[in-house]
Amino acid sequence: MSTTTVYKVSGMTCGHCESAVREEVSALAGVSSVEAVAATGLVTITATEPLDDEAVRAAVDEAGYELSGRA
């Protein structure tokens, strides 16, 4: 069973930003899909197991953006 979680990310302004966030978050264990939308600042993550918010925060930080929390 998969779970979908939506996070608010600040600092994304373009397609490159979306790609950077998608790449980092996709590397997390259990993540099956990531949709990042710069226009809304929302990142929707589908995973096969519950997500660790701190792991998501670290991945977003690694991409160069800031996780504001769950949307």
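Mentor: Gladly, and please keep in mind from the start that this is a predicted model. One way in is through the contacts of the protein chain: among those with a separation of 6 or more, 63% are between residues 24 or more positions apart.

Trainee: Okay, and what does the secondary structure of the chain come to?

Mentor: The protein chain has two helices and four strands, and along the sequence they follow the pattern β-α-β-β-α-β. The radius of gyration is 11 Å, close to the 11 Å that the globule rule gives for 71 residues, so the chain is as compact as a globular protein of that length.

Trainee: What box do the C-alpha atoms fill?

Mentor: Taken along the principal axes, the box is roughly 30 × 20 × 20 Å. Of the 71 residues in the chain, 37% count as buried.

Trainee: Now the sheet: in what order do the strands sit?

Mentor: The four strands form an open sheet in the order E2-E3-E1-E4, and the pairing is antiparallel. E2 and E4 stand at the edges with a single partner strand each, so one side of each has no neighbour in the sheet. On average, and ignoring direction, neighbouring strands are turned by 25° against each other.

Trainee: How many bridges join E1 to E3?

Mentor: Six bridges join those two antiparallel strands, and within that pairing Tyr7 stands opposite Val43 in E3. E1 also pairs with strand E4, residues 66-70, in the antiparallel sense over four bridges. There, Val9 stands opposite Leu67 in E4, while Lys8 stands opposite Gly69 in E4.

Trainee: And where do the helices go?

Mentor: H1 lies across E2 and E3, running at about 160° to E2. H2 packs on the sheet as well, touching E1, E3 and E4, and its direction makes about 150° with that of E4.

Trainee: Which residues touch the most other members in the largest nonpolar core?

Mentor: That core has 21 residues, and those touching the most other members are Met12, Val21, Val43, Ile45 and Tyr65. The elements that give two or more residues to this core are strand E1 (3-10), helix H1 (15-26), strand E2 (31-37), strand E3 (42-47) and helix H2 (53-63).

Trainee: Take Val21 from that list. What does Val21 touch?

Mentor: If residues up to four places away in sequence are not counted, Val21 touches Met12, Ala36, Val43, Ala63 and Tyr65.

Trainee: Let me pick one from strand E1, then: is Thr5 buried or exposed?

Mentor: Thr5, which lies in strand E1, counts as buried because its relative accessibility is 11%, and the cut-off for buried is under 20%. Setting aside residues up to four places away in sequence, Thr5 touches Val43, Thr44, Ile45, Leu51 and Arg70.

Trainee: How about His16, buried or exposed?

Mentor: His16 has its place in helix H1 and counts as exposed, because its relative accessibility is 59%. The C-alpha atoms of His16 and Thr5 are separated by 22 Å, although the two residues are eleven apart along the chain.

Trainee: Switching topic, I noticed some cysteines. How many disulfides does the structure hold?

Mentor: The structure holds zero disulfides. For Cys14, the closest cysteine sulfur is in Cys17 at 3.4 Å, which is too far for a bond, since a disulfide needs the two sulfur atoms within 2.5 Å.

Trainee: So which of those is buried, and which is partly exposed?

Mentor: Cys14 is partly exposed, with a relative accessible area of 32%, whereas Cys17 counts as buried, at 5% relative accessibility.

Definitions and conventions: Residues numbered from 1 in each chain as written. Predicted model: local features only at pLDDT ≥ 70, side-chain atom pairs only at ≥ 80, totals over all residues. Heavy atoms only, no water. Core = buried A, V, L, I, M, F, W, Y, C linked by side-chain atoms within 4.5 Å. Buried < 20%, exposed > 50% of the residue type's maximum accessible area, 1.4 Å probe, protein only. Contact = heavy atoms within 4.5 Å. Pairing = 2+ DSSP bridges. Axes fitted to C-alpha atoms, helices over the stretch in contact; angles between N-to-C directions. Rg over C-alpha atoms; globule rule 2.2 N^0.38 Å.
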